[in-house]
Amino acid sequence: MNPTISLLFGVHAHQPVGNFTAVLDDAHRRCYGPFIRTLYRYPRFRFSAHFSGWLLDYLLRNFPDDMRMLKDMVARGQLEMVGAGDTEPVLAVIPYRDRMSQLNALSERLEQAFGARPRGAWLTERVWEATVVPALADAGIDYVTVDDYHFLCAGQDAARLNGFFSTEEDGRSLDLYPISEALRYRLPFAPAHEAVAYIESLAQTGEAAAIYFDDIEKFGIWPETYEWVFEKGWLTQFIEGVLASPVIRTETFSEHHARAKTHGIVYLPTTSYIEMNEWTLPAGVAARYDGLIAASKASGRFESEKAFLRGGIWKNFFSVYPESNWMHKRMLGLSARLNQLEATRRTPRMTELLHEAQANDAYWHGLFGGLYLPHLRRAVYNAAVELESLLDIVAPRPAMQHVDLDKDGIDEVFFHNASLQAVVRLDGSASVIELDAYALRHNFADTLRRQAEHYHHKMLANVTEQDSHGDGISSAHDRISFKHLVSQADLVYDAHGRALFRDTLYTGDGELVALDYALTSSNDDSLNFTAQTATGEVHKVVRLSAGQLIVSYEFGMGMRGSLATELNLAMPSCDGPAGRFVLDGKIPGGFGQPLEVEGLKQIALEDAVLGGRLLLSSSRPAQFSSQPLFTVSQSEAGFEKIMQAVTLLMRWPLQEKNGKIKLSLEISTASIR
């Protein structure tokens with residue numbers, strides 16, 4: 001019997017909910033379209049593909065000719081469409097009921113568009129936790145793909161990772177395919193003939209499969225790959241090389257699963273792919289982990305040791321990034337409210353919005369921008385704020401609620417009216433950590449603190465070397481590049497989260513006075529705080545009115561010095577041309593430009609992307625300054641600076657005859673040109 005090898009070739013196509021249409025169109029032009037058209041020319045090359053639901057809908061609407069080719073390939077048995085959660089959630093971090101809802105939503109889309117429900121599923125970011133087995137099995141999924149690294153961490157022999165294994169949880173069974181890391185790093189980066197030769201080297205006289213399932217975006221969107229894959233013909237060369245091979249045969253995962261036998265029982269630890277295990281760690285710990293990996297590689301022992309050099313798990317992102325944790329707990333709260341609603345009062349729109357709020361991309365950060373991209377977080381909040389408004393209509397909640405939503409040991413107070421919702425954290429700052437405008441579907445406090453990342457040291461070291469595969473190209477994991485110029489001055493870190501109306505008191509000598517506000521009383525529309533200082537009391541009231549957030553201060557007699565308050569406002573246009581200040585009927589600049597005004601009593605912020613307007617008013621003239629808040633992060637395009645918010649600082653001298661200050665932030669919809 002001659003040696004043979006089955007190539008199980010799968011690609012995963014995904015774009016984050018809320019991504020720009022220009023990005024989607026460019027992705028189709030450089031990747032999805034040419035990939036589909038190339039594969040269509042080779043009916044004998046069988047493969048599997050996963051498209052996330054939001055992206056699939058967009059492609060079906062906007063690129064019908066290419067989608068017809070996709071349907072034709074399914075009909076002729078060349079292509080298997082694979083399922084997953086509809087909006088690409090990490091299944092391990094949403095409840096069972098939502099796992100089922102997400103899985104069934106995409107399965108129904110696929111059945112409607114392609115005529116069959118999927119039997120296999122893509123696992124978002126290959127995040128494995130045994131608790132996902134019951135939902136996958138109950139949704140009709142027979143098998144999923146995870147990394148071979150998962151199996152190595154379970155003590156499996158690498159030589160046996162050429163077929164599927166079986167696992168079980170809570171009385172349900174699921175089969176698991178180990179994706180080859182060696183293939184992930186070769187396709188499409190190594191020359192096509194070398195990739196084909198490597199697959200041929202895996203051939204055996206018995207049953208064996210070479211298992212590949214990875215991002216389709218590596219075939220055209222990652223740096224250098226469009227020229228390499230399509231203009232220089234890598235994909236065509238690879239397909240023709242595979243089809244010409246006497247030992248390789250292509251199969252879909254479903255075909256292989258239907259005829260092959262399991263390699264046996266396996267119980268995988270909670271993990272993801274090896275790179276993710278570093279990204280989930282706090283900066284200091286990640287640097288130590290990176291050092292362990294580097295030392296292991298330098299000693300030549302990494303391949304034998306890597307299963308034991310495990311970092312963090314995906315859920316660590318909620319510990320590392322408080323803003324991610326807050327979004328996640330807000331989403332879980334809304335999921336619970338929707339679940340408690342009688343079925344007759346739920347609408348398809350509510351479920352759709354919950355699914356959008358569960359899309360994984362805005363909750364984490366690794367090689368890609370993720371959490372650092374304001375428009376991805378905005379998409380989560382757009383969905384969450386709209387869902388909350390719909391739930392309030394059919395199942396009203398109390399006007400004010402005290403709860404420790406994010407499990408940090410500090411209570412938050414939610415209070416809302418028909419148009420706005422404010423959330424104040426009772427941490428002594430009496431600052432507003434969420435400000436939702438229902439008509440705009442927007443959270444104006446959706447920003448991000450500046451914090452250390454383990455890769456920041458690479459920027460300052462001016463590292464430029466890259467690893468490549470001989471005559472091939474570098475993977476984005478190996479590239480060191482700069483999208484923007486970054487200096488030491490850009491790497492400033494915040495001591496606390498960014499918020500609205502975070503106050504600072506100065507003595508007459510300019511010394512900082514710590515303000516520790518205690519909640520003294522409240523009613524349905526306002527919170528009353530008092531801070532004790534050596535020279536007197538500061539009273540602060542945070543109140544909601546129709547379309548306005550009002551913050552008032554009153555100072556004890558004889559207090560001297562000045563008060564400053566900081567507002568960090570998430571404006572969707574960021575430093576683009578669609579955002580602007582309006583002062584006395586004139587436009588002094590955009591949100592990305594520094595601005596200083598003496599004696600300011602009123603200024604407007606207009607944002608055409610938002611379709612909204614903020615009017616900030618002060619009862620007393622203030623020293624006003626504004627500057628953009630930038631973070632420094634990495635992406636597949638290189639290290640970059642991203643504007644997260646416009647930071648407004650207002651300062652007033654304390655006056656003996658007038659110990660009161662009142663600020664109002666009026667929010668309205670507006671058509672802005």
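## What α8 packs against

The buried residues of α8 make contact (heavy atoms within 4.5 Å) with β1, α7 (181–186), β8 (209–215), α10 and β9 (248–251). Those buried residues, in a helix that spans 192–201, are Ala192, Ala195, Val196 and Ile199. They fall within an arc of 100 degrees seen down the α8 axis, so they line one face of the helix; the arc is taken from the directions from the helix axis to the C-beta atoms. Turned away from that buried side are the exposed residues His193 and Ser201. Here buried means under 20% relative accessible area, exposed means over 50%, and partly exposed is in between, with a 1.4 Å probe and protein chains only.

All of this comes from a predicted model, where local features need pLDDT of at least 70, side-chain atom pairs count only at pLDDT 80 or more, and totals for chains, interfaces and linings use all residues. Residues are numbered from 1 along each chain as its sequence is written, and side-chain values use heavy atoms, with hydrogens and water left out.

## Ser6 in β1

Ser6 sits in strand β1 and counts as buried because its relative accessibility is 2%. Leaving aside residues up to four places away in sequence, Ser6 touches Glu207, Ala208, Ala209, Ala210, Arg249, Glu251 and Arg259.

## The kink in α1

Helix α1 (residues 21–40) has a kink of about 50 degrees centred on His28. The bend at a residue is the angle between axes fitted to the seven residues ending there and the seven starting there. His28 is itself one of the buried residues of α1, along with others including Leu24, Ala27, Cys31 and Tyr32. The buried set packs against β1 (5–13), β2 (47–51), α2 (53–62), α3 (64–75), α9 (225–231) and α10 (234–244).

## α16 and its two partners

How do α16 (322–340) and α17 (348–357) pack? Their angle is about 160 degrees, with the axes 10 Å apart. That makes α16 roughly antiparallel to α17, a label for angles over 145 degrees, while under 35 counts as roughly parallel, 65 to 115 as roughly perpendicular and the rest as oblique. On the α16 side, Met331, Ser335 and Leu338 meet Met350, Thr351, Leu354 and Ala357 of α17.

With α18 (residues 374–394), the α16 axis comes within 11 Å and the two cross at roughly 30 degrees. That makes α16 roughly parallel to α18. Residues in this contact include Trp326, Met327 and Arg330 of α16 and Arg377, Val380 and Tyr381 of α18.

How values were computed: Helix = DSSP H or I, 4+ residues; strand = E, 2+ residues; numbered from the N terminus. Axes fitted to C-alpha atoms, helices over the stretch in contact; angles between N-to-C directions.
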